[in-house]
Protein chains: 4
Amino acid sequence: MIVVMKQEATETDVKQMVKRIESLGLKAHVIVGTERTVIAAVGDDRKTHKESLESGPGVAEVLPILAPYKVASLELKREPTTVRAGKFVCGNGTIGVIAGPCSVETEEQILATAKAVKAAGATALRGGAFKPRTSPYSFQGLKEDGLKMLATAREATGLAVVTEVVATEDVALVARYADVLQVGARNMQNYRLLEAVGATDRPVLLKRGPSATIEELLLAAEYILNAGNPNVMLCERGIRTFETHTRFTLPLATVVYLHAKTHLPVVVDPSHGTGHTYLVGQMAAASVAAGADGLILEVHPDPASALSDGYQSMNFKQFEETMTLCRRVAEAVGKKM
Amino acid sequence: MIVVMKQEATETDVKQMVKRIESLGLKAHVIVGTERTVIAAVGDDRKTHKESLESGPGVAEVLPILAPYKVASLELKREPTTVRAGKFVCGNGTIGVIAGPCSVETEEQILATAKAVKAAGATALRGGAFKPRTSPYSFQGLKEDGLKMLATAREATGLAVVTEVVATEDVALVARYADVLQVGARNMQNYRLLEAVGATDRPVLLKRGPSATIEELLLAAEYILNAGNPNVMLCERGIRTFETHTRFTLPLATVVYLHAKTHLPVVVDPSHGTGHTYLVGQMAAASVAAGADGLILEVHPDPASALSDGYQSMNFKQFEETMTLCRRVAEAVGKKM
Amino acid sequence: MIVVMKQEATETDVKQMVKRIESLGLKAHVIVGTERTVIAAVGDDRKTHKESLESGPGVAEVLPILAPYKVASLELKREPTTVRAGKFVCGNGTIGVIAGPCSVETEEQILATAKAVKAAGATALRGGAFKPRTSPYSFQGLKEDGLKMLATAREATGLAVVTEVVATEDVALVARYADVLQVGARNMQNYRLLEAVGATDRPVLLKRGPSATIEELLLAAEYILNAGNPNVMLCERGIRTFETHTRFTLPLATVVYLHAKTHLPVVVDPSHGTGHTYLVGQMAAASVAAGADGLILEVHPDPASALSDGYQSMNFKQFEETMTLCRRVAEAVGKKM
Amino acid sequence: MIVVMKQEATETDVKQMVKRIESLGLKAHVIVGTERTVIAAVGDDRKTHKESLESGPGVAEVLPILAPYKVASLELKREPTTVRAGKFVCGNGTIGVIAGPCSVETEEQILATAKAVKAAGATALRGGAFKPRTSPYSFQGLKEDGLKMLATAREATGLAVVTEVVATEDVALVARYADVLQVGARNMQNYRLLEAVGATDRPVLLKRGPSATIEELLLAAEYILNAGNPNVMLCERGIRTFETHTRFTLPLATVVYLHAKTHLPVVVDPSHGTGHTYLVGQMAAASVAAGADGLILEVHPDPASALSDGYQSMNFKQFEETMTLCRRVAEAVGKKM
């Protein structure tokens with residue numbers, strides 16, 4: 001950590017700061033500049049409260065040097081992590097495709113979708129049984145009935161089942177039916193839930209919150225990893241910006257950046273990331289070109305009658321075309337899908 | 001709801017949309033423009049999925065007319081809600097001041113703080129016992145021990161206790177000690193938690209998520225109100241923007257806007273909203289001038305040694321000066337504090 | 001335009017609004033809803049001040065139906081515009097690549113770069129002679145000397161010259177040397193400058209401002225088109241968001257969205273859009289996959305010694321690799337480059 | 001400047017960086033940490049390209065220590081600057097109020113407004129004669145005719161005239177009529193314009209761009225100061241964020257923050273900052289409580305018929321009430337108005 005002192009900081013301020021740094025088990029190097037003094041605090045500062053230095057007298061700013069996450073870091077584990085769940089493989093040259101409706105609505109709907117997305121090349125089925133909805137008056141999901149329908153669809157197709165869990169008290173239930181547990185964007189910093197899914201043996205798809213920094217995303221992953229579960233996929237699903245022509249802004253540089261920081265695979269969700277069906281296909285292709293290890297896509301037999309997210313869901317034909325396009329791009333960048 | 005059709009929409013598209021609108025129990029008015037057709041869907045559209053219209057063929061855009069929240073709405077209840085907890089009063093001309101440390105650390109710390117903030121005019125004591133922390137390696141709070149210390153401080157001072165609850169499984173425990181339950185920004189859309197605090201008889205302080213829209217905030221409040229708890233205070237604590245010179249951006253127009261939309265009282269948190277002690281006092285005064293019904297402020301006996309948030313906490317003297325300033329401004333705008 | 005009246009609006013308010021709408025040459029349709037009245041104003045509302053309706057008594061909101069831009073609109077001209085400047089072709093299946101240093105520094109630098117980028121497949125050379133710099137103390141460009149060096153490089157390689165113009169008084173001078181005039185992000189709403197470049201016969205590369213909406217971008221293009229210059233390329237170069245791990249956030253959905261709204265070709269600038277050399281190559285590939293009609297890339301013989309933007313510039317080898325990658329992706333999406 | 005090296009940086013990388021730092025006239029201090037090496041570059045680094053270090057081999061990050069602006073800095077000049085133009089005084093305990101219509105429309109309109117705002121306590125009159133408008137089809141202002149009307153209103157009332165200048169070629173003309181030159185938000189980084197107003201003897205009101213950082217704002221001021229004009233007022237007028245319930249987000253902490261960084265007075269524009277008349281009055285009061293040295297407010301005899309910005313303009317009565325409220329708050333915080 002680098003502690004920048006204010007121009008008007010006194011010698012006593014500097015001495016106090018040195019003492020405090022040393023009391024944290026770090027070494028202090030004082031550098032007297034022409035206009036200011038800076039103090040370098042050297043050592044493993046991950047457990048140090050940056051804040052506890054910031055509040056010291058005469059301090060202008062504290063600049064951290066080390067990233068605060070550890071187990072997720074590429075500095076700890078150099079080789080990329082590959083996440084597997086049955087035939088679903090995500091990472092290290094293979095692009096895992098998760099497709100299906102926003103919500104499980106009926107057995108027919110989920111079965112038809114499972115068959116269609118499998119035929120087009122998906123290896124996992126998504127579908128919400130527990131739905132976190134902005135309004136208390138919106139459809140909240142079929143709950144355990146929905147989970148059973150997902151399991152039926154798995155039996156029929158061999159696809160891995162990916163579904164969201166919204167509360168610690170549901171983790172055991174959902175884990176009984178699901179192959180991959182999804183933690184939604186709204187729950188990215190629900191730490192109890194992160195610890196609970198971290199205690200299962202199911203891979204986790206962790207979605208980035210719409211205003212989470214990458215550091216916060218990696219620290220959320222760290223909660224899961226720290227609880228003993230090494231199989232975490234990070235999912236970029238769009239951030240909240242001033243833009244209104246898309247539902248969220250999908251920042252694909254996240255994919256490239258994460259690959260430079262972490263060994264965990266990165267999945268992109270262009271359905272939520274754009275919020276409009278006609279934008280999804282090309283943004284899926286762009287995600288693959290940017291290096292995504294996986295895609296998660298909303299597909300519905302009849303989007304116009306979907307109970308949720310119809311405006312961003314593809315029908316079977318659109319999904320098939322998207323898969324064809326993405327497969328060509330995957331090949332161009334040296335991956336298989 | 002207003003459905004705007006695309007320029008190239010066919011007559012069949014329009015007819016289908018009319019049918020769909022009618023199937024939702026709404027009345028359709030078709031207006032054929034020079035360049036486009038728009039269809040007005042008239043009726044109570046709160047339970048209608050805006051989305052289920054958006055995905056129709058030939059639709060360019062769907063523009064909602066009614067706000068999706070209801071119980072929170074000023075259109076339902078004209079007179080402002082006043083929230084009370086012991087001597088703490090918030091709303092309708094009285095500014096409730098909640099002050100205390102970010103985390104409860106020791107009994108001495110919380111007792112000393114309680115006495116100091118009471119002397120300066122606060123009517124409630126804040127203090128975190130369950131701390132949601134970005135990093136799994138940070139101090140996570142004293143849990144039940146912290147709650148007990150808060151109760152001790154209440155007995156000593158008569159201040160109402162405001163403390164955060166982070167999980168449904170803790171609600172009963174926290175409600176046993178606390179006078180007001182705080183739902184933190186990270187949990188604003190943790191709907192299970194909202195329902196759980198909605199089922200208690202404790203007033204709730206609901207913090208706005210850093211990227212939540214006002215509509216999302218009011219819908220989160222609606223979850224609590226809908227569960228039977230009418231005592232909700234909304235808290236503006238800063239949003240995430242491109243600005244980096246403050247920890248968050250504190251948009252005080254929220255206060256004025258909310259007063260035009262809802263009867264619920266509005267509290268402002270300038271400590272988190274700015275993230276730097278030297279900015280807090282004047283922003284507290286500005287919050288009062290903007291019409292805030294309450295303030296929540298971080299105060300610590302020795303901010304420089306705080307286990308969390310020291311850089312944005314005031315010491316006792318700074319708090320006292322802030323109270324003096326705010327009281328003068330409150331008087332200027334015709335309120336008491 | 002749809003005028004939504006407040007719940008408490010009186011009949012007189014409605015009548016006044018109808019009158020006002022008619023006085024603007026539009027037709028008014030009144031729809032009395034169960035909770036509110038809305039009035040549809042039908043006709044060409046592009047020249048109407050949305051604002052002049054919003055300020056009427058009893059008005060809750062005014063929702064525009066038509067986009068405010070016209071000449072740029074796909075509704076006016078269905079076939080995509082292709083912009084050409086010598087061998088540089090941008091649009092309609094051909095990806096134009098503009099490459100070169102941030103600033104022209106010396107004749108050797110620009111010549112060497114021109115030759116290298118041409119060999120790798122670029123068709124245009126970029127290089128700043130007039131540099132708008134955030135600080136008055138930064139290098140401001142070589143001005144006319146820089147323009148001459150660019151012209152020399154064009155003679156040597158046949159590449160089209162793309163360079164920025166920052167002030168109306170420089171337009172004639174820059175147009176004498178340049179094949180394409182660039183309007184930078186900071187000047188996107190410098191309307192005099194837009195009119196001035198609109199009055200030349202040079203194609204214009206118009207960069208999106210970092211907080212400009214797409215509508216504002218298209219209206220800025222409209223200024224140029226309206227002044228008589230049909231050859232406008234729109235350039236996405238990243239927007240300002242809360243993200244700090246990249247210099248800007250590069251929202252590639254812009255490309256797909258713009259193709260659905262306008263006939264003008266869309267260029268992407270992944271150098272500014274990411275701000276770090278190691279992110280540029282894959283984001284260039286992603287841009288191509290998203291459907292970009294052109295790329296603009298910063299290339300420098302020795303980025304580490306560049307006078308500006310070295311941290312986001314590629315060296316010749318990196319550029320060559322990027323071109324190889326992008327060409328493969330272009331082929332995968334059915335384009336040539 | 002602090003140069004943080006990558007974990008994998010070699011000794012050669014470090015040596016090269018030291019050499020480069022020294023070649024820039026700075027002193028290098030190497031600190032070998034347990035996980036990384038950091039190098040402190042000590043000296044006046046304002047003219048150093050942070051970038052030219054960032055692009056060096058093995059560099060992870062470069063952290064600047066000194067702010068890049070100088071003349072604007074409080075470190076250079078401790079006592080606050082007071083800007084005066086006739087009876088208009090802004091700074092050091094006196095709040096200058098600038099009020100008037102968005103656009104000058106007719107002589108009657110501007111005269112009536114000038115008289116009304118003067119009666120209510122304003123000391124300067126605003127009014128746009130050259131209007132930068134988002135759409136080429138919107139009203140563009142009365143130009144010199146408008147300036148003449150402003151001058152007439154000054155003669156009649158003694159108010160100082162504040163009006164926008166949008167192009168270097170208009171500076172002389174506008175300066176002939178205006179007492180204060182306004183540089184609008186869209187032109188905050190139009191450096192030629194900044195230099196041109198910097199060469200006049202007129203005070204300048206410099207508006208913050210909607211996505212400008214504070215550092216960029218202060219560097220824009222630095223262009224004016226550096227050109228020889230010491231009378232610059234900084235104006236916060238709202239930033240672009242994800243919020244849509246207000247036109248912009250008005251971050252009042254800017255006022256407090258700027259007072260800690262610069263001696264220049266800070267003006268707030270709650271009309272643009274909120275975009276809705278009913279929000280303006282209380283946000284003006286909040287601005288005063290936050291410490292604003294001035295206010296700029298849109299006032300129109302009949303906002304409903306204004307040619308621009310009617311939805312955010314106050315009528316005379318609303319302005320008078322706002323002034324009464326603000327005056328009380330000013331007194332509460334120890335200022336006069």
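Two residues are said to be in contact if their C-beta atoms, placed from the backbone, lie within 7 Å. The structure is a predicted model, in which local features need pLDDT of at least 70 and side-chain atom pairs count only at pLDDT 80 or more, while totals for chains, interfaces and linings use all residues. Residues are numbered from 1 along each chain as its sequence is written, and chains are lettered from A and ligands numbered from 1 in the order in which they are written.

**View 1. The contact between chain C and chain A.** On this definition, 33 residues from chain C meet 33 residues from chain A. Helices here are DSSP runs (H or I, at least four residues; strands are E, at least two), numbered from the N terminus, and α8 (253–261), α10 (277–290) and α11 (316–332) of chain C each give at least two residues to the side that touches chain A. The largest share of that side, nine residues, is supplied by α10(C). Sorted by class (Ala, Val, Leu, Ile, Met, Phe, Trp, Tyr, Cys and Pro count as nonpolar, Asp, Glu, Lys and Arg as charged, and the others, Gly among them, as polar), the side of chain C that touches chain A holds 22 nonpolar, eight polar and three charged residues.

**View 2. The axis that relates chain C to chain A.** Two copies of a chain are related by a rotation about an axis and a shift along it. When the copies are superposed by least squares on the C-alpha atoms of residues with pLDDT of at least 70 in both, a rotation of 180° with 0.0 Å of shift along its axis brings chain C onto chain A, with an RMSD of 0.0 Å. That is the relation of a two-fold axis. Within chain C, the C-alpha nearest the axis belongs to C:A286, which lies 2.1 Å from it. Because 100% of the interface residues of chain C are also interface residues in chain A, the copies meet through the same surface.

**View 3. Helix α10 of chain A against helix α10 of chain C.** With axes taken as lines fitted to C-alpha atoms, for helices over the stretch in contact, and with angles running from 0 to 180 degrees between N-to-C directions, α10(A) (residues 277–290) and α10(C) pack at an angle of about 160°, their axes 7 Å apart. That makes α10(A) roughly antiparallel to α10(C), where angles under 35 degrees count as roughly parallel, over 145 as roughly antiparallel, 65 to 115 as roughly perpendicular and the rest as oblique. Among the residues that make the contact are A:M283, A:A286 and A:A289 of α10(A) and C:M283, C:A286 and C:A289 of α10(C). By class, this contact has 12 nonpolar, two polar and no charged residues.

**View 4. Helix α3 beside helix α11 within chain C.** The axes of α3(C) (residues 107–120) and α11(C) come within 9 Å and cross at roughly 20°. That makes α3(C) roughly parallel to α11(C). Here C:A116, C:V117 and C:A120 in α3(C) meet C:F316, C:F319, C:E320 and C:M323 in α11(C), and by class the contact has six nonpolar, no polar and one charged residues.

**View 5. The contact between chain D and chain C.** In this view, 39 residues of chain D are in contact with 39 residues of chain C. The largest share of the side of chain D that touches chain C, five residues, comes from α7(D), and by class that side has 15 nonpolar, 13 polar and 11 charged residues.
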